Amino acid sequence: MELVFSGYRISQSYGWKPFGSGLQFHQGIDLVKSHKSPVHAFTEGTVLYAGMGKTGTGLGNYGNVVFVKDKNGRGQLYAHLDSVAVKAGASIKKGQVIGYQGMTGQVTGSHLHYEVRKKTAPSYGWESDQVHSTLEPTAYLQNFYPQPAPATFTKYIVKAGDTLSQIANHYHTTVNILKAENNISNENLIRVGQVLRIPNAGNPVYYTVKSGDNLTEIAKNYYTTVNKLVSMNDIKNINLLQVGQKLRVK
């Protein structure tokens, strides 16, 4: 699994914590780098609110915040910021600087409080039942993007009379996929005894293009490269994807 909070020290985790003579639920995770260090977005999304959280809105006592609605409709809250670097309505990318670590609001020291709310409205997803209205942040981010499937390969030894087209048909794949996987520049130049790797033989993975998609993002999400996607799908222009287009990604 990806180390989603790499570079941070976790000062308080999510869940029930001792408090006084009882327990108190901590609905997020507290992360520390250094005061006023840049805070980078953990995922892409749309900023619904940026600025000082107001009492009664679901953001009170959180100081300067950035509240982001992600692709799953969840609300990601970055709180106690020294200052914000984005505005409401902005579309942000993973890794973009959205603010700076601080100690605004109800805090005892400089840190980033990060929480994931199941909803974004009303009250920016805040509910008094925080146990059931929030999600454990580490697991949520680890599963936010598609995980790479275990690579499966079949080895094939080229025999006299074989062609790449025949081999591709036999394994329900394509010539372009075989060329990309085996670094073959000329499909007519394979030799007897050559060992070919046949990826995901008989078990291809496809992705349907959505509005706003680009090959770079698709390649990153499926742990492959743009060049492999171009080769596997015989793409002539990487900037001309069609919504609804089916791409082979594995």
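Select glutamate 217 and lysine 220: their side chains meet in a salt bridge, with N to O at 3.5 Å. A salt bridge here is a side-chain nitrogen of Lys or Arg within 4 Å of a carboxyl oxygen of Asp or Glu. The model is predicted, so local features need pLDDT of at least 70 and side-chain atom pairs count only at pLDDT 80 or more, while totals for chains, interfaces and linings use all residues. Residues are numbered from 1 along each chain as its sequence is written, and side-chain values use heavy atoms, with hydrogens and water left out.

Stay on helix H5 (residues 215-221). Glutamate 217 and lysine 220 are 3 residues apart in this helix, so about one helical turn separates them. Helices (H or I, at least four residues) and strands (E, at least two) are DSSP runs numbered from the N terminus. Glutamate 217 is partly exposed at 28% relative accessible area, and lysine 220 is partly exposed at 46%. Buried means under 20% relative accessible area, exposed over 50%, and partly exposed in between (1.4 Å probe, protein chains only).

**The whole chain**

Zoom out. The chain has 6 helices and 17 strands. Its radius of gyration is 24 Å, well over the 18 Å that the globule rule gives for 250 residues, so the chain is more spread out than a compact globule. The radius is taken over C-alpha atoms, and the rule is 2.2 Å times the number of residues to the power 0.38. Along the principal axes, the C-alpha trace spans about 80 × 40 × 30 Å.

Colour by accessibility next: 40% of the 250 residues count as buried. The accessible surface comes to about 13700 Å², and 52% of it belongs to carbon and sulfur atoms. These areas come from the Shrake-Rupley method with a 1.4 Å probe; for residues, only the protein chains shown count as cover. Among contacts (heavy atoms within 4.5 Å) between residues at least 6 apart in sequence, 60% join residues at least 24 apart.

**Aromatic pairs**

Which residues form one aromatic cluster? Select Phe5, Tyr8, Phe42, Tyr78 and Tyr114. The structure holds 13 aromatic pairs. The rings of phenylalanine 42 and tyrosine 114 have centres 4.8 Å apart and planes at 75°, so this pair is edge-to-face. Phenylalanine 42 sits in the loop between strand S5 (38-40) and strand S6 (45-52), tyrosine 114 in strand S12 (residues 112-117); the pair, 72 residues apart, links distant parts of the chain. Both phenylalanine 42 and tyrosine 114 are buried.

Move to phenylalanine 144 and tyrosine 145. Their ring centres are 4.9 Å apart and their planes stand at 80°, so the pair is edge-to-face. Phenylalanine 144 counts as buried at 4% relative accessibility, and tyrosine 145 is buried at 11%. For these pairs, rings of Phe, Tyr and Trp (its six-membered ring) must have centres within 6.5 Å; planes under 30 degrees apart count as stacked, over 60 as edge-to-face, the rest as tilted.

**Charges over rings**

Return to tyrosine 8: lysine 33 lies over its face, 4.5 Å from the ring centre. The test requires NZ of Lys or CZ of Arg within 6 Å of the ring centre and within 35 degrees of the ring normal. Arginine 197 lies over the face of phenylalanine 153, at 3.7 Å from the ring centre.

**Salt bridges**

A search of the whole structure finds 7 salt bridges. Buried or exposed, what is glutamate 181? Glutamate 181 counts as buried at 18% relative accessibility, and arginine 197 as partly exposed at 36%.

Now select aspartate 234 and lysine 236, a salt bridge whose closest N and O atoms are 3.1 Å apart. Aspartate 234 is partly exposed at 45%; lysine 236 is exposed at 74%. Elsewhere, salt bridges that share partners join Glu181, Arg197 and Lys228 into one network.

**Last stop: helix H4**

Select H4: 7 of its 8 residues are buried, so this helix is largely enclosed by the rest of the structure. The buried residues are Val175, Ile177, Leu178, Lys179, Ala180, Glu181 and Asn182. What covers the buried residues of H4? The cover includes strand S14 (153-157), helix H3 (164-170), S15, helix H6 (226-233) and strand S17 (246-248). End at asparagine 183, which follows H4 and has a positive phi, near 55°.
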